[in-house]
Amino acid sequence: MLRRKIELTLTDWKNNPDRKPLLIRSYEDDMVKYAPTTYKALLRETFHSIPRQLSRENKKFQYSLVKQGGRASAFMGVLQWIEDAGIITRCYNLNNLELPLDGNADNNVFKVYMSDTGLFVSMLEPETKFDILQGNLLGYKGAIFENAVADLLSKAGRKLYYFHKDSGLEIDFVIRQNNQCVILEVKAATGNTKSAKTILKNFDKYHVSSAIKVGDYNICEMGSILTMPHYMLMVIN
């Protein structure tokens, strides 16, 4: 029995020397199999750039991070194909925090989230799932939790929006709730929400009076901010 296990392990290593999870390899194989010929050369690079994009402080998708000198004209069709295949979801930046959200969205400025958070984790390293359970994640912790919230909102039928200004003001997600524009901040555990507080204090400028903070919290209403644990985000509809 032991000898058979060793043989199977050696066979898997020979067929998969880069140690990619079989889930990732199957996605790669399917993309190359079904995508138009003109996209095949750029598919893997675009697909594997997404974790790097989300690890950055400014998570706006940048074609230059896919390939040095990359331009939208070269990668736009590839990215659209991956989105149409249901692998990713875009989150668009808003020019203003006003309803209707889609009318204020900039279609050229967006973040890209994986439609399956388990797939996203698998793309990092095989041991990442153990790091999550042990609480050993640092930089990527926020990206994983943010992706999970994006996944949940998207599957609830919501189109995704966020708000970012060059001044440093940034809100993870913006949603319509009770016919109001509501800002939503995601924390892996707890943390300060400086941008949310700035927006709430300047109603005449931003026209927002409510915020939701999701993280390692109990349900609590503190002034204009409602806190809740991650798993309860499903009930905001």
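1. N178 is exposed, since its relative accessibility is 67% (exposed means over 50% relative accessible area, buried under 20%, and partly exposed in between, with a 1.4 Å probe and protein chains only). The residue lies in the loop between β5 and β6 (180-186), where helices (H or I, at least four residues) and strands (E, at least two) are DSSP runs numbered from the N terminus. Although N178 is not a glycine, its phi is positive, at about 55°.

2. The model is a predicted one, in which local features need pLDDT of at least 70 and side-chain atom pairs count only at pLDDT 80 or more, whereas totals for chains, interfaces and linings use all residues. Residues are numbered from 1 along each chain as its sequence is written, and side-chain values use heavy atoms, with hydrogens and water left out.

3. Two further backbone features deserve a check. H207, in the loop between α9 and β7 (211-215), also has a positive phi in a residue other than glycine, near 60°. H207 is partly exposed, with a relative accessible area of 39%. The peptide bond from L99 to P100 is cis, with omega near -5°; P100 is placed in the loop between β1 (88-94) and β2.

4. On the overall fold, the protein chain has nine helices and nine strands. Its C-alpha atoms fill a box of roughly 70 × 45 × 30 Å along the principal axes. Of its 237 residues, 41% count as buried. Among contacts (heavy atoms within 4.5 Å) with a separation of 6 or more, 54% come from residues 24 or more positions apart. The accessible surface, computed by the Shrake-Rupley method with a 1.4 Å probe, and for residues with only the protein chains shown as cover, comes to about 13,400 Å² for the protein chain, of which 51% belongs to carbon and sulfur atoms.

5. The whole structure holds seven aromatic pairs. Rings of Phe, Tyr and Trp (its six-membered ring) pair if their centres lie within 6.5 Å; planes under 30 degrees apart count as stacked, over 60 as edge-to-face and the rest as tilted. One of the pairs is formed by Y113 and F173 and is tilted, at 5.7 Å centre to centre and 35° between the planes. This pair links distant parts of the chain, with Y113 in strand β2 (residues 105-114) and F173 in strand β5 (residues 173-177), 60 residues apart. Both Y113 and F173 are buried.

6. The pair of F163 and Y206 is edge-to-face, because the ring centres are 6.3 Å apart and the planes stand at 80°. F163 belongs to strand β3 (residues 160-164) and Y206 to helix α9 (residues 203-206), so the pair ties together parts that are 43 residues apart in sequence. F163 is buried at 2% relative accessible area, and Y206 is buried at 14%. Elsewhere, ring pairs join F61, Y63, F75, Y92 and F110 into a cluster.

7. Charges also sit over rings, a term that requires NZ of Lys or CZ of Arg within 6 Å of the ring centre and within 35 degrees of the ring normal. The charged end of R90 is over the ring of F110, 4.7 Å from its centre. K111 lies over the face of F173, 5.4 Å from the ring centre.

8. The count of salt bridges is six, each being a side-chain nitrogen of Lys or Arg within 4 Å of a carboxyl oxygen of Asp or Glu. In the bridge between E28 and R44, the closest N and O atoms are 3.6 Å apart. E28 is in helix α2 (residues 22-34) and R44 in helix α3 (residues 40-55), so parts 16 residues apart in sequence are tied together. E28 is buried at 4% relative accessible area, while R44 is partly exposed at 37%.

9. K59 and E146 form another salt bridge, with the closest N and O atoms 3.8 Å apart. K59 is in the loop between α3 and α4 and E146 in helix α7 (residues 139-155), 87 residues apart. Both residues, K59 and E146, are buried. K59, K111 and E146 are linked in a network of salt bridges.

10. In the salt bridge of K159 with D102, the closest N and O atoms are 2.8 Å apart. K159 is partly exposed at 45% relative accessibility, and D102 is partly exposed at 43%.
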